[in-house]
Amino acid sequence: MTRMIHCVKLGTEAEGLDTPPFPGEQGLEIFEHISKGAWQTWLSQQTMLINENRLASFDPKARAFLAAERRKFLFEGSNEMPEGYVAPVNS
């Protein structure tokens, strides 16, 4: 059975994640309040941030940066793009 939640990112009832995306309090908060669709949107945003800022996933500073950006994106309504970001042109 599909688990429905009130997604704070989308502001609507939507399908929730099947499991927390990672262990701990932050993973549980996302599991309880963020929909599958909003999480997928974050994953795309995260990939763009990693690429645009040339982040290394093993760097503790990069991980802290991404955690802060994730909170802003999912819970605070921020959709800011990195300075100098140019969206790809679809052919």
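In what pattern do the elements of the protein follow one another along the sequence?

## Fold and order of elements

The order is β-β-α-α-α. This is a predicted model, and the protein in it holds two strands and three helices.

## Burial, contacts and surface

The chain of the protein has 91 residues, and 27% of them count as buried. Contacts were also sorted by separation in sequence: taking those between residues at least 6 apart, 49% join residues at least 24 apart.

The protein has an accessible surface of about 6,300 Å². Carbon and sulfur atoms account for 53% of that surface.

## Largest pocket

The volume of the largest pocket is about 210 Å³. Two elements each give two or more residues to its lining, namely α2 (36–53) and α3 (60–75). Of the elements, α3 contributes the most, with five residues.

The residues that line the largest pocket are Q46, I50, L55, A56, S57, A62, R63, L66, A67 and R70. Sorted by class, six residues of this lining are nonpolar, two are polar and two are charged.

## Summary

In brief, the predicted model shows a β-β-α-α-α protein with 27% of its residues buried. Its largest pocket, of about 210 Å³, takes most from α3 among the elements.

Note on methods
Residues numbered from 1 in each chain as written. Predicted model: local features only at pLDDT ≥ 70, side-chain atom pairs only at ≥ 80, totals over all residues. Heavy atoms only, no water. Helix = DSSP H or I, 4+ residues; strand = E, 2+ residues; numbered from the N terminus. Buried < 20%, exposed > 50% of the residue type's maximum accessible area, 1.4 Å probe, protein only. Contact = heavy atoms within 4.5 Å. Areas by Shrake-Rupley, 256 points an atom, 1.4 Å probe, with all protein chains shown as cover. 1 Å grid on protein atoms, 1.4 Å probe; cavity = no way out; pocket = protein on both sides within 12 Å on 5 of 7 lines; lining within 4 Å. Points joined across faces, edges and corners; volume = space filled by probe spheres on them. Nonpolar A, V, L, I, M, F, W, Y, C, P; charged D, E, K, R; others polar.
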